[in-house]
Amino acid sequence: MALHKTRIASFIGMALLAFGGTCAAATAGSDARPWMNPRLSPDQRAELVLKAMTQDEKFRLIRVDFGDTENGHVMAPGALGSAGYGPAIARLGLPGIQESDAGLGVAKPLKLGATALPSGLATAASFDPTVAYAGGAMIGSEAHRRGFNVMLAGGVDLVRDPRNGRNFEYAGEDPLLAGQIAGNAIAGIQSQHLVSTIKHYAFNDLETNRNAVSANIDKASARESDLLAFEIAIAAGHPGSVMCSYNRVNAVYACENDWLLNDVLKRDWHYPGFVMSDWGAVHSAAKSALAGLDQESAGETFDKEVYFDKPLRAAVTSGEVPQSRIDDMARRILRSLFATGAIDHPAKQAAIDFGADRKVAQRAEEAGAVLLRNQDALLPLSAAQSVAVIGAHADKGVLTGGGSSAVQSPQGNAVPGLAPTDWPGPRIYQPSAPLAAIQQRARGTVSYASGDDIAAAAKLAAQAKVAVVFVEQWAAESVDTPHLTLPGNQDALVEAVAKANPHTIVVLENNGPVAMPWLAKVGAVLEAWYPGAAGGEAIARLLYGEVDPSGRLPLTWPRDESQLPRPKIPGAVLTSMGQPPQGQPAQDVDYNVEGADVGYRWYQRKHLEPLFPFGYGLAYTHFDYSGFAPRVANGKVTASFTVTNRGTRAGVDVPQLYVTLPGPNEVRRLAGWCRVDLKPGQSAHLTVTADPRLLVDFDRKSQHWQQPAGDYQLQLGHSATSFQGDGKVALPAASWAADASPVGTAQPCVASGAP
């Protein structure tokens with residue numbers, strides 16, 4: 001048995017550094033600048049600086065300018081050509097604020113390039129917080145070495161709709177999984193002495209009409225779904241900043257939503273950091289400040305006016321906004337800069353080991369790719385087989401999602417010039433060609449067809465032992481797709497190739513679930529997501545069995561749009577970007593349809609059978625579970641069991657613990673999981689602790705977290721619909737105030753030896 005003990009120990013050590021390891025590198029402050037003394041707490045240091053600041057300095061701190069030259073904007077002196085910039089306050093020894101997009105790598109300056117992680121869904125599919133942490137630490141290191149001290153990362157909005165254009169930035173549909181993955185990615189970034197955001201707070205779950213649409217949901221369902229994901233991620237990662245979103249929530253803009261920012265975030269969750277706006281998300285001065293917004297982002301470029309300058313100054317002068325609120329805004333920003341080490345360890349230009357960083361991206365893709373189908377053990381491939389590689393520019397590279405998180409390689413765009421070339425483009429391909437990686441492994445003939453000529457591609461496939469068809473779906477920030485169909489003639493391409501060669505493998509490079517009318521006609525399907533900087537190499541290693549597929553779906557894969565809570569998205573556009581909007585965009589989206597039952601919980605509630613369930617994924621081996629034993633000990637709900645590798649190959653399994661609360665209308669929820677690496681015939685005895693935040697409901701009347709009395713059903717799953725272990729435990733009634741929710745466990749899976 002191998003449980004990655006070295007990796008886990010390394011993760012714990014890095015985490016300790018992330019939360020308290022900045023002192024050794026700093027020097028004690030002088031009497032003139034006592035806040036530079038690292039022995040003081042971040043709160044003490046922030047308070048000392050605040051007392052020394054002038055009003056003008058405070059007002060300069062609570063807004064940043066756009067740091068790039070897009071749309072003819074004149075970039076401020078000192079900016080690095082990225083998302084946001086605030087000048088240094090030299091007399092106080094405070095560095096300038098340099099903010100970089102985004103959660104998958106350093107997106108700007110685009111011309112310099114950086115290492116692209118696989119999509120957030122790929123990292124979530126690993127079900128491995130250490131993979132998330134390592135990826136965060138890698139992109140954080142590159143950002144710091146580019147001179148940035150704030151990274152606009154940490155996307156944790158739940159996937160309520162597979163057509164959302166930004167799903168690739170997020171971490172799936174389940175609040176526990178998404179929260180743990182995003183939280184550990186944030187912790188990794190901040191281990192490199194940067195502030196990371198968490199975003200987009202909240203319910204930015206669709207891009208269509210995102211600047212005006214109201215996400216409507218009752219407060220209890222909100223607390224049990226998207227907000228729970230944010231709460232878990234904040235507890236795990238301690239982000240220095242929360243980015244409020246464009247959309248309205250229950251008719252109030254998120255960045256001036258008192259309930260979201262003051263009541264939930266700052267009061268109930270005791271959040272000590274600062275709230276920054278998204279770019280163009282501020283609509284007022286006094287209202288936003290009083291509702292809890294602490295920093296306006298690039299208002300001179302994206303907002304109607306710079307609200308946090310003259311308008312807010314006037315509100316302070318009139319008494320509408322108290323001076324104490326301005327002080328609190330500045331204090332929170334300063335505290336985060338001190339807490340993350342951004343001041344003690346100033347960011348500066350330094351060399352980057354792109355080769356080592358590509359390995360981090362490659363490991364993430366290998367851990368997160370999901371094998372969806374493998375009839376008659378078609379995979380892994382044999383090196384002796386002849387292979388026809390077809391489609392999706394597989395001779396050049398692998399696809400990346402678009403918008404502010406799009407990362408270009410230091411070697412440039414492998415397929416330049418594809419539409420759209422302007423926002424939310426450019427469409428970028430990482431120069432990691434699957435064709436070349438396959439050629440390196442194959443002893444048989446390897447041929448290639450672009451797929452543009454379907455007849456020629458089918459003829460080529462017929463001449464090979466196996467055909468590997470790459471299909472793609474480009475998606476991007478600011479747009480959703482109206483349907484799940486692959487763009488272009490890709491479905492026809494797969495159909496023709498599969499007819500010509502029964503040994504056809506499909507590799508998906510995509511934003512999320514797509515329709516697969518050809519599924520039963522192909523031998524294997526590998527979900528590669530947007531596979532990142534070393535995607536071609538990772539895909540080839542998976543196809544040839546050099547690494548076992550170990551990803552599990554972090555979202556439910558519907559059969560078609562009719563299974564979704566909202567079968568249509570009014571105003572959504574096709575991914576080719578060439579078609580007009582599909583009708584008038586909605587001004588409201590009703591999330592009360594599914595409420596807290598997002599994804600697999602919706603399918604349970606409606607008795608729907610998806611194409612692939614949450615948590616699903618195949619391996620090149622087979623795992624059995626036995627001896628399932630749930631119990632309550634010291635107030636914790638645990639389940640012990642044995643996992644055995646029944647196959648002939650080593651592999652990784654992800655046993656998942658689900659809980660169903662007592663009551664007539666409850667559906668099962670993911671409460672914990674393990675990730676275990678086993679050799680053929682090997683067993684591991686594991687214990688999972690159910691996260692107590694999933695054992696409670698938020699009561700609408702009392703506004704408290706309630707643990708209902710009764711029997712809790714625990715099930716051990718290969719996915720959200722396939723179980724091999726079932727039992728019950730009894731729990732008494734219990735209640736927690738909204739600002740004192742039950743605390744989750746930091747070590748949900750423990751190995752207790754091999755039987």
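In strand β25, the bridge partner of Leu-657 is Gly-672, where strands, like helices, are DSSP runs numbered from the N terminus (E, at least two residues, for strands; H or I, at least four residues, for helices). This pair belongs to the link between β24 and β25 (residues 669-673), which run antiparallel and are joined by four bridges; two strands are said to pair if DSSP finds at least two bridges between them. Strand β24 is also joined to β30 (residues 710-717), again in the antiparallel sense, by five bridges. Within β30, Gln-713 is the bridge partner of Thr-660. As a reminder, strands of a sheet pair through backbone hydrogen bonds, either parallel or antiparallel.

The model shown is predicted, so local features need a pLDDT of at least 70 and side-chain atom pairs count only at pLDDT 80 or more, while totals for chains, interfaces and linings use all residues. Residues are numbered from 1 along each chain as its sequence is written, and side-chain values use heavy atoms, with hydrogens and water left out.

How much of strand β24 is buried? Five of the five residues of β24 (residues 656-660) are buried, so the strand is largely enclosed by the rest of the structure; here buried means under 20% relative accessible area, exposed means over 50%, and partly exposed lies in between (1.4 Å probe, protein chains only). Gln-656, Tyr-658 and Thr-660 cover one side of this picture, with Leu-657 and Val-659 on the other, and all of these residues are buried.

Strand β3 (residues 97-101) gives a second example: five of its five residues are buried, so β3 is largely enclosed by the rest of the structure. On one side of β3 are Ile-97, Glu-99 and Asp-101, on the other Gln-98 and Ser-100, and both faces are covered. Strand β2 (residues 82-86) runs antiparallel to β3 and is joined to it by three bridges, with Ile-97 of β3 as the bridge partner of Gly-86. Strand β4 (residues 150-152), by contrast, runs parallel to β3, again through three bridges. There, Glu-99 has Val-150 of β4 as its bridge partner.

Another part of the fold is an open sheet of four strands with mixed pairing, in the order β9-β8-β6-β20. Its edge strands are β9 (252-253) and β20 (588-590), each of which pairs on one side only. Between β6 (residues 214-216) and β8 (residues 248-249) the pairing is parallel, over two bridges, and Ser-214 stands opposite Arg-248 in β8.

Attention now turns to the helices. Helix α18 (residues 535-543) is mostly covered, with seven of its nine residues buried. The buried residues are Gly-535, Gly-536, Ala-538, Ile-539, Ala-540, Leu-542 and Leu-543. They pack against several elements, including α14 (354-368), α15 (434-441) and β17 (466-472). Just after α18, Gly-545 takes a positive phi of about 75°.

Which residues does Glu-365 contact? Glu-365 lies in helix α14 and is buried, with a relative accessible area of 0%. Leaving aside neighbours within four places in sequence, its contacts (heavy atoms within 4.5 Å) are Pro-118, Ala-122, Ala-528, Tyr-530, Pro-531, Ala-538, Ile-539 and Leu-542. Glu-365 and Ala-528 are 163 residues apart in sequence, but their C-alpha atoms are 7.4 Å apart in space.

Ser-126 is placed in the loop between α4 (120-125) and α5 (129-146). With 0% relative accessibility, Ser-126 counts as buried. Not counting residues up to four places away in sequence, Ser-126 touches Val-131, Ala-367, Gly-368 and Arg-675.

Finally, the whole chain can be described. The secondary structure of the protein comes to 19 helices and 33 strands. For 755 residues, a compact globule would have a radius of gyration near 27 Å, and the 25 Å of the protein agrees with this; the radius is taken over C-alpha atoms, and the globule rule is 2.2 Å times the number of residues to the power 0.38. Along the principal axes, the C-alpha atoms fill a box of roughly 75 × 60 × 55 Å. Of the 755 residues, 64% count as buried. Among contacts between residues at least 6 apart in sequence, 76% join residues at least 24 apart.
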